[in-house]
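Student: Hey, I've got a new structure to get my head around. Can you walk me through it?

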Amino acid sequence: MHYDWESLADAVYRCRLPFLDVTVGLVQGVSDVLLIDCGTSLLEAAAIADDVRTLTGGTVTHLVMTHHHFDHILGSAGFGDAQMYAPGAVAEALTTRIGEVREQAIGYGADPAELGAVRAPQYRLQHADLDLGARRVHVEHPGRGHTDHDLIVVVPPTTPAQPAVLFCGDLVEESADPDIDADSDVRAWPLTLDRVLAVGGPDAVYVPGHGACVDAAFVRRQRDWLTARAADRRG
Ligand SMILES: [Zn+2]
């Protein structure tokens with residue numbers, strides 16, 4: 001195995017890539033395998049694909065990209081056979097804006113030699129239900145926040161004893177404060193996290209885009225921190 005994969009629930013995994021501590025999620029159904037985000041480089045993508053074969057015995061059939069930042073999308077060409085789902089902004093980042101997105105990656109320390117071809121998503125969407133074979137996952141845009149298009153992936157439990165798992169993308173971060181940039185909507189973000197909490201409920205495992213898995217109480221604290229930041233900006 002190239003990376004450490006944490007088991008979050010029955011056939012639900014995630015790893016934290018060493019470069020920028022990005023979360024990559026994995027959900028295995030009876031027939032299909034879903035990957036959530038795909039890292040920055042083709043080297044990372046190849047290592048992930050290798051690990052997926054070891055963990056599941058199969059290849060990635062579905063890829064959801066949560067938002068347009070380079071560390072979540074530039075590995076996409078490493079999963080050439082997968083059906084790719086993402087908001088329109090991700091498709092733009094991987095086509096018309098690719099030069100700028102690659103420059104950002106290099107600015108953060110990515111090796112240009114490891115940035116190769118990219119592949120844009122065939123399915124541009126904000127809501128979807130994906131059937132992985134006896135396992136359905138739900139994809140939705142819970143509202144504006146880190147960007148104006150972040151997706152979450154909701155994995156319901158297979159038995160009452162199992163937790164629900166929510167992949168939150170960068171709407172939630174554990175290893176640092178939430179990343180606010182020019183695309184972010186700090187005023188809307190707390191309401192978006194209320195929606196995330198409503199979807200996941202009190203007992204879900206919340207998987208941040210960067211950092212360790214957290215619980216609902218942590219997400220509420222991050223919501224309150226953002227509410228305070230929004231008040232500062234108004235004041
Ligand atoms: Zn981001």
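Predicted model: local features only at pLDDT ≥ 70, side-chain atom pairs only at ≥ 80, totals over all residues.

Student: What share of the residues count as buried?

Tutor: Of the 235 residues, 56% count as buried.

Student: What about contacts between residues 24 or more positions apart?

Tutor: Those account for 64% of the contacts with a separation of 6 or more.

Student: New topic: which residues coordinate the zinc ion?

Tutor: His 67 and His 146 each use NE2, His 69 uses ND1, and Asp 170 uses OD, at 2.2 to 2.3 Å. In sequence, these donor residues follow the spacing H-x1-H-x76-H-x23-D.

Student: Are His 67 and His 69 buried or exposed?

Tutor: Both His 67 and His 69 are buried.

Student: What about the angles among the four donor atoms?

Tutor: They run from 83 to 171°, and the site of the zinc ion is irregular. To count as tetrahedral, all angles would have to lie between 85 and 135 degrees.

Student: Got it. How many aromatic pairs does the structure hold?

Tutor: Two aromatic pairs. In one of them, Phe 70 and Tyr 108 sit 5.3 Å apart, centre to centre, with 45° between the planes, and the pair is tilted.

Student: Where do Phe 70 and Tyr 108 lie?

Tutor: Phe 70 is in helix H2 (residues 70–73), while Tyr 108 is in the loop between helix H4 (98–107) and strand S7 (123–124), so the pair ties together parts that are 38 residues apart in sequence. Phe 70 is buried at 5% relative accessibility, whereas Tyr 108 is exposed at 55%.

Student: And why is the pair of Tyr 85 and Tyr 123 called stacked?

Tutor: Their ring centres are 4.9 Å apart and their planes are at 20°, so the pair counts as stacked. Planes under 30 degrees apart count that way. Tyr 85 lies in strand S6 (residues 83–86) and Tyr 123 in strand S7, so this pair ties together parts that are 38 residues apart in sequence. Tyr 85 counts as buried, at 9% relative accessibility, and Tyr 123 as partly exposed, at 37%.

Student: Which residue has a positive phi of about 60°?

Tutor: That's Ala 11, although it is not a glycine. Ala 11 lies in the loop between strand S1 (5–9) and strand S2 (12–16), and it is buried, with a relative accessible area of 17%.

Student: And what about the phi of Leu 20?

Tutor: Leu 20 has a positive phi of about 70°, and it is not a glycine. You'll find Leu 20 in the loop between S2 and strand S3 (23–28), where it is partly exposed at 32%.

Student: Last one: where is Ala 228 found?

Tutor: Ala 228 is in helix H6 (residues 216–234). It counts as partly exposed, at 40% relative accessibility. From Ala 228 to Glu 44 there are 184 residues in sequence and 37 Å in space, C-alpha to C-alpha.

Terms used. Residues numbered from 1 in each chain as written. Heavy atoms only, no water. Phe/Tyr/Trp six-rings, centres within 6.5 Å; stacked < 30°, edge-to-face > 60°. Helix = DSSP H or I, 4+ residues; strand = E, 2+ residues; numbered from the N terminus. Buried < 20%, exposed > 50% of the residue type's maximum accessible area, 1.4 Å probe, protein only. Donors = N, O, S within 2.8 Å, 3.2 Å for Na, K, Ca; no water. Tetrahedral: all angles 85-135°; square planar, octahedral: opposite > 155°, others 65-115°. Contact = heavy atoms within 4.5 Å.
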